[in-house]
Amino acid sequence: MKKIVLSLAVVFAMATGLAQEVKYTEYDLDNGLHVILHQENSAPVVTTGVMYQVGAKDEEPGRTGFAHFFEHLLFEGTENIERGKWFDIVSANGGSNNANTTQDRTYYYETFPSNNLEMGLWMESERMLHPKIEQIGVDTQNEVVKEEKRQRIDNAPYGAIIYRTGIDKHLFKKHPYGQSVIGSMEDLNNAKLSEFIEFNDKYYNPNNATLVVAGDIDIDETKRMIEDYFGPIKNKAPRNERKVIVEDPITETRFATEYDANIQIPVKIFSYITPKSTDRDAYVIDYISAVLTGGASSRMQKRMVDEEQIAVQVLAFGQSNQDYGTYTMGALSKGDVALSKLAEVMDEEIVKLQTELISEREYQKLQNNFEAQYVSSNSRVEGIAASLARYNMLLGDTSLINKELDIYRGITREDIRRVANAYLKPNQRLELDYLAGSAPTEEEMKEAMEEVKVVDNKLQINKIYFDNDKATITDSASKELDRIVNMMMKNTSIEVLAETYTDTKGSDSYNKTLSQKRADAVRSYILAKGIAADRIKAVGRGEANPIVDCESKKCSEEEYEQSRRTEFTITKK
């Protein structure tokens with residue numbers, strides 16, 4: 001073991017030597033455009049990138065998807081670039097290009113041989129100064145976005161998990177992070193051309209952007225060209241000043257079910273709201289994710305996939321944004337293993353992180369891996385350009401490109417335990433059952449409810465009664481419980497609250513204890529029939545809400561029995 005630890009330490013020391021400082025120059029043009037230049041002359045390539053401070057969270061209700069739509073629309077053409085010729089120009093000049101959108105920003109870039117630097121600057125200045133926003137372009141890109149949604153989300157296995165469209169809407173109730181980046185196709189269809197023009201005028205301005213040029217450049221010459229191409233561009237609106245939207249913390253476990261017709265293997269998901277990207281704890285979450293599922297030797301992989309063989313695959317990933325982060329973990333069930341079993345094991349692994357320090361060997365492995373990731377992300381000018389823009393715009397500190405690795409190095413084993421305790425509590429999360437198939441139709445739901453009537457969200461069945469002073473399920477009670485189980489199996493979106501009562505023959509504490517035992521018996525019976533644990537809650541109410549007030553009158557045994565009952569309420573449909 002000592003030899004292994006020593007070799008890991010040597011590897012870490014070697015990797016540290018590879019993490020070289022990224023030098024850069026930054027300044028502002030008179031119109032507010034922030035410029036960052038990084039000179040690296042080892043290879044004859046240069047990346048020109050522009051990041052705009054506009055993302056999905058800036059969209060108006062009823063007009064979701066605009067930020068992502070513009071990622072496509074602004075490749076349509078400009079006053080000086082013929083419609084549909086953008087990619088041809090890039091390719092003809094030996095370059096490549098792309099763009100991407102998140103909740104917080106939109107980023108465009110071109111990479112050319114360094115002798116075509118001016119081409120990249122001209123094209124990005126054209127995008128900012130002379131975009132052609134016409135109905136034909138809107139119609140064309142509308143179809144492109146629809147096809148992207150079909151390919152990546154609607155028709156892709158686990159697409160709603162990968163792109164979080166089936167997760168974030170359950171986590172965020174106030175903050176716009178709850179809406180998807182790709183947005184609503186209905187919203188885009190209903191938007192007028194004037195709304196797209198207004199969106200461009202509001203957000204695509206120099207004072208709302210960061211320009212990065214990285215690679216084989218001369219700093220002074222590049223500054224001159226930037227002034228020529230971007231200096232004359234005027235702002236059509238003030239810089240995007242975002243209002244603070246506070247999301248209420250999750251204090252009670254949220255349960256949800258999503259369906260995917262493209263899968264056969266269901267998934268159990270835990271998802272949490274975590275700190276924003278500038279918070280040090282967000283970096284610790286990255287470490288936690290790596291411990292649980294970061295490779296073949298990670299904890300959940302070894303236990304759930306290799307040893308106990310209850311999962312086909314495990315997953316965990318964090319996403320830190322400007323306002324809040326999220327952390328998601330899950331497992332794909334193997335065979336007929338219940339999702340509740342996966343949840344149980346995942347909870348056990350979380351508790352280990354909360355109560356025990358990770359081993360020194362795991363800790364060294366973490367640091368080595370994150371060192372290697374840093375070196376890899378800054379090994380090409382494209383990666384350096386994107387990092388410089390991100391640190392500047394989203395984290396407010398360009399110098400983090402040279403400091404972030406020190407943040408990871410400074411994380412301790414105690415930090416990992418502390419953060420697991422602070423953010424990974426059961427009452428702070430979403431528990432999602434991601435199931436194969438399609439959600440029940442209204443007709444299917446109607447059929448499922450026929451044998452169990454519902455009035456005011458209350459299941460109208462014969463009450464589940466208990467014998468005096470006992471918590472055992474009787475034969476007659478089991479028949480009624482079977483009806484509930486059958487209904488829940490037919491309609492997997494239903495969750496039930498079972499409330500069990502006692503009569504007034506005992507003390508308050510006795511009644512409370514006995515009623516909870518009865519509630520637990522009801523829940524155990526339903527669980528044994530194959531209903532997932534997160535779909536049935538059971539609470540003992542003691543002598544509350546008696547059908548007959550047996551304290552002020554003498555009750556018959558039948559009247560006492562009516563108070564020894566369980567009532568069922570649908571808590572989700």
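About 60 Å³ of space lies in the largest cavity. Keep in mind as we go that this is a predicted model. The structure holds three cavities of 30 Å³ or more, and we will visit two of them.

Which residues line the largest cavity? Look for Glu-76, Gly-77, Thr-78, Ile-81, Glu-82 and Arg-83 along one stretch of numbering, and then for Lys-132, Glu-134, Ile-136 and Gly-137. By class, this lining has five charged residues, along with three polar and two nonpolar ones.

The second largest cavity has a volume of about 40 Å³. Around this second space you will find Gln-103, Arg-164, Asp-168, Phe-172, Tyr-177, Gln-319, Asn-321 and Thr-326. Here the lining divides into four polar, two charged and two nonpolar residues.

The largest pocket holds about 1,000 Å³ of space. Where does the lining come from? Strands β5 and β9 (311–320) each supply at least two residues, and so does each of the helices α11 (280–293), α14 (360–377), α15 (381–393) and α16 (400–410). The largest share, five residues, comes from α15. Sorted by class, the lining of the largest pocket has 15 nonpolar, 14 polar and six charged residues.

The second largest pocket has a volume of about 710 Å³. Among the 27 residues that line this pocket, the closest to its centre are Lys-57, Asp-58, Arg-242, Lys-243 and Ile-245. Its lining divides into 11 charged, nine polar and seven nonpolar residues.

Find helix α2, which runs over residues 66–73. How many of its residues are buried? The count is eight of eight, and the helix is mostly covered. Reading along α2, the buried residues are Phe-66, Ala-67, His-68, Phe-69, Phe-70, Glu-71, His-72 and Leu-73. What do the buried residues of α2 pack against? Their partners are the strands β4 (96–101) and β5 (106–113), together with the helices α5 (135–154), α8 (185–190) and α9 (193–203).

How values were computed: Residues are numbered from 1 along each chain as its sequence is written. This is a predicted model: local features need pLDDT of at least 70, side-chain atom pairs count only at pLDDT 80 or more; totals for chains, interfaces and linings use all residues. Side-chain values use heavy atoms; hydrogens and water are left out. Buried means under 20% relative accessible area, exposed over 50%, partly exposed in between (1.4 Å probe, protein chains only). Helices (H or I, at least four residues) and strands (E, at least two) are DSSP runs, numbered from the N terminus. Contact means heavy atoms within 4.5 Å. On a 1 Å grid over the protein atoms alone, a cavity is a set of points where a 1.4 Å probe fits but cannot get out, and a pocket is an open set with protein on both sides within 12 Å along at least five of seven lines; lining residues have an atom within 4 Å of a point. Grid points are joined across faces, edges and corners, and a volume is the space filled by probe spheres set on the points. Ala, Val, Leu, Ile, Met, Phe, Trp, Tyr, Cys and Pro count as nonpolar, Asp, Glu, Lys and Arg as charged, and the others, Gly among them, as polar.
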